[in-house]
Amino acid sequence: MSESSAAVPRVSAYLGLSLDGFIAEADGGLGFLAPYQEAGTDYGYAAFMSTVDAVVMGRATFDVLRGFDVPWPFAERPVVVLTHRPLPGTPPVPSTVSTHAGSLRPLLESLATSGAAHVYVDGGQVVRQALRDQLVDSLTLSVVPELLGQGRPLFGAEVPRSHWRLVGSESWGSGLVQLRYERGDEPQSL
């Protein structure tokens with residue numbers, strides 16, 4: 001974790017991605033995930049969300065979620081959208097949504113002060129920023145058996161080298177494999 005005197009909550013990322021490491025298609029679409037979402041299971045997402053006190057997401061992720069023809073999925077917890085632009089008013093923005101235009105660490109410190117013990121970060125840019133700043137404690141990666149060839153990657157050059165410890169894995173008949181990691185100590189030499 002980064003050095004700081006103020007406490008931050010536990011931070012988790014929970015993402016679906018292609019076999020070649022993309023979290024969205026080149027145009028930002030998520031169509032490649034649809035067949036796996038329609039398979040009738042939530043792959044542990046509801047259990048994960050039951051532990052989350054607040055959500056921090058990027059503007060692009062917010063805009064994609066608002067475009068879905070479903071009720072707002074985070075109505076029961078605060079959501080902070082990282083953006084420098086005002087949110088559109090149509091359809092109305094849920095009252096649990098606010099914006100933040102600064103760095104991630106002060107926001108997390110503020111959320112901790114407000115009582116959040118576990119924060120879910122969502123969206124490629126936000127997750128990469130949290131990984132860059134060494135703020136992520138756990139990663140849940142649901143890998144679908146699709147090669148996209150191009151798209152929006154989960155990881156990038158801004159993410160520093162770090163070691164993660166596998167704490168669980170599960171596979172389903174759909175071909176989806178879920179890997180659960182926690183930040184670990186550097187591996188010992190053999």
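Modeller: Start with a definition: buried means under 20% relative accessible area, exposed means over 50%, and partly exposed lies in between, with a 1.4 Å probe and protein chains only. At 43% relative accessibility, Arg165 falls between those limits, so Arg165 counts as partly exposed. This is a predicted model, so local features need pLDDT of at least 70 and side-chain atom pairs count only at pLDDT 80 or more, while totals for chains, interfaces and linings use all residues. Residues are numbered from 1 along each chain as its sequence is written, and side-chain values use heavy atoms, with hydrogens and water left out.

Biologist: What makes Arg165 and Glu182 a salt bridge?

Modeller: A salt bridge is a side-chain nitrogen of Lys or Arg within 4 Å of a carboxyl oxygen of Asp or Glu. For Arg165 and Glu182 the N to O distance is 3.0 Å. That is within the limit, so the pair qualifies. Arg165 lies in strand β9 (residues 164-171) and Glu182 in strand β10, so the pair ties together parts 17 residues apart in sequence. Salt bridges with shared partners join Arg10, Arg165 and Glu182 into one network.

Biologist: How do you know that Arg10 and Glu182 meet in a salt bridge?

Modeller: Their side chains come to 3.6 Å, N to O. This pair links distant parts of the chain: Arg10 is in strand β1 (residues 10-18), Glu182 is in strand β10 (residues 177-183), and they are 172 residues apart. Strands here are DSSP E runs of at least two residues, helices are H or I runs of at least four, and both are numbered from the N terminus.

Biologist: Why is helix α5 called largely enclosed?

Modeller: Because seven of the nine residues of α5 (residues 124-132) are buried. Among them are Gly124, Val126, Arg128 and Leu131. Helix α5 lies across β1, β3, β4, β6 and β9, and runs at about 125° to β6. Axes are lines fitted to C-alpha atoms, for helices over the stretch in contact, and angles run from 0 to 180 degrees between N-to-C directions. Just after α5, Gln134 takes a positive phi of about 55°.

Biologist: What makes β5 and β9 edge strands?

Modeller: Eight strands form an open sheet, in the order β5-β4-β3-β6-β1-β7-β10-β9, with mixed pairing. Strands β5 (97-100) and β9 each have a single partner strand, so one side of each is left without a neighbour in the sheet. On average, neighbouring strands of this sheet are turned by 20° against each other, direction ignored.

Biologist: How do you know that β7 pairs with β10?

Modeller: Two strands pair if DSSP finds at least two bridges between them. Six bridges join strand β7 (residues 138-144) to β10, so the pair qualifies, and the two run antiparallel. Val143, for one, has Val177 in β10 as its bridge partner.

Biologist: Why does Thr140 count as buried?

Modeller: Because its relative accessibility is 8%, and Thr140 lies in strand β7. Its contacts beyond four places in sequence include Ala13, Leu15 and Leu179.

Note on methods
Contact means heavy atoms within 4.5 Å.
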